[in-house]
Amino acid sequence: MILIKLGGSIITNKEKPLTANKPAIRRLASHLRRIKEPLVVVHGGGSYGHYWSVKYDIHTKPSRYNIKGVSVVKNSMVQLNRIILESFLESNLRPYCLPPSDFMLSDKPIVKKVKEITKIAITGLTPISYGDVMWFGKNKFYILSGDKIMGILSKILKPRLAIFVTNVDGIYSNMKTKRLIRDITVEKPTVSEVTTDVTGGMSRKIREAANISKNGTDVFFVNGNFPKRIANAISGKNFEGTIFRG
């Protein structure tokens, strides 16, 4: 099974609130359809969930956030998810919507339910989950990011590969020179060393990728503007991007 994260930077226009990058989604769906292994997909919030969570000051730390904001964030993620589901259907990927509330209780995974996800994927359906605002309990909510979901699913399902699809070529050691790090071992360089010149969003991805690779799964970062690079990562031929070796 292959676990793929479609980053908000590639499936939405982050410069324009509530705008999906439909051409990119269609191209990605078309290439994912050619993969001959079971797939599980997670997508980010981009200019949908992220936009509203910033506006209403809702974060990953459980707290008693604005109730209207919680509702707006959740609704926006459902809207984005529907766009992706429809595009995947058009590409004959047989998407199966899987909100994180289906397999999370508070901030902990329900292991038995997570393990069912692989069984769903084996049938030929493509489970699709996404980052979302979640009920924590005691009138508190929190943001569960798509990157965090990647870590949770990888630890339990142990996919053959995990792939983060973004709008850049991989992980840069220096954003100004765009020097690409092609191969990162778990120990060297450390996450703190490679995140000096990247955004907080990318640093979270790097931390999750490092943890996933420690469990024995190879993790790839590829540029979704060139969807063929996903297939190259899977085949191991002519790979362009960054790899964390498991």
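Author: Let us begin with Asp147, which has its place in helix 6 (residues 146–157), where helices (H or I, at least four residues) and strands (E, at least two) are DSSP runs numbered from the N terminus. This is a predicted model, in which local features need pLDDT of at least 70 and side-chain atom pairs count only at pLDDT 80 or more, while totals for chains, interfaces and linings use all residues. Residues are numbered from 1 along each chain as its sequence is written, and side-chain values use heavy atoms, with hydrogens and water left out.

Reader: Is Asp147 buried or exposed, and which side chain does the side chain of Asp147 make a polar contact with?

Author: Buried means under 20% relative accessible area, exposed means over 50%, and partly exposed is in between, with a 1.4 Å probe and protein chains only. Asp147 has a relative accessible area of 4% and is therefore buried. A polar contact is a pair of N or O atoms within 3.5 Å; within protein, one must be able to donate a hydrogen and the other to accept it, and residues adjacent in sequence count only if both atoms are side-chain atoms. The side chain of Asp147 makes such a contact with the side chain of Lys205, at 3.3 Å. Contact in general means heavy atoms within 4.5 Å, and by that criterion, leaving out residues up to four places away in sequence, Asp147 touches Lys5, Phe164, Gly201, Arg204, Lys205 and Glu208.

Reader: How is the packing of two helices described?

Author: Two packed helices are described by the angle between their axes and the distance between the axes. Axes are lines fitted to C-alpha atoms, for helices over the stretch in contact, and angles run from 0 to 180 degrees between N-to-C directions. Angles under 35 degrees count as roughly parallel, over 145 as roughly antiparallel, 65 to 115 as roughly perpendicular and the rest as oblique. Helix 5 and helix 6 have axes that come within 10 Å and cross at roughly 80 degrees, which means that helix 5 is roughly perpendicular to helix 6. On the helix 5 side, Val111, Val114, Lys115, Ile117 and Thr118 meet Leu153, Ile156 and Leu157 of helix 6. Ala, Val, Leu, Ile, Met, Phe, Trp, Tyr, Cys and Pro count as nonpolar, Asp, Glu, Lys and Arg as charged, and the others, Gly among them, as polar; the residues of this contact divide into six nonpolar, one polar and one charged.

Reader: At what angle do helix 3 and helix 4 pack, and which residues of helix 3 are buried?

Author: Helix 3 (residues 46–55) packs with helix 4 (residues 67–90) at an angle of about 170 degrees, their axes being 8 Å apart, so helix 3 is roughly antiparallel to helix 4. Here Tyr48, Gly49, Trp52 and Ser53 in helix 3 meet Val72, Val73, Ser76, Met77, Gln79, Leu80 and Ile83 in helix 4, and the residues of this contact divide into seven nonpolar, four polar and no charged. The buried residues of helix 3 are Gly46, Ser47, Tyr48, Gly49, Trp52 and Ser53, and they pack against helix 1 (8–11), helix 4 and strand 8 (140–144).

Reader: How many aromatic pairs does the structure hold, and how should I read their geometry?

Author: Rings of Phe, Tyr and Trp (its six-membered ring) pair if their centres lie within 6.5 Å; planes under 30 degrees apart count as stacked, over 60 as edge-to-face and the rest as tilted. The structure holds seven aromatic pairs. In one of them, Tyr51 and Trp52 are edge-to-face, at 4.8 Å centre to centre with 70 degrees between the planes. Tyr51 is partly exposed, with a relative accessible area of 29%, whereas Trp52 counts as buried at 17%. The rings of Phe220 and Phe239 have their centres 4.8 Å apart and their planes at 75 degrees, so this pair is also edge-to-face. Phe220 lies in strand 13 (residues 218–223) and Phe239 in the loop between helix 9 (228–235) and strand 14 (242–244), so the pair ties together parts that are 19 residues apart in sequence. Phe220 is buried at 7% relative accessible area, and Phe239 counts as partly exposed at 23%.
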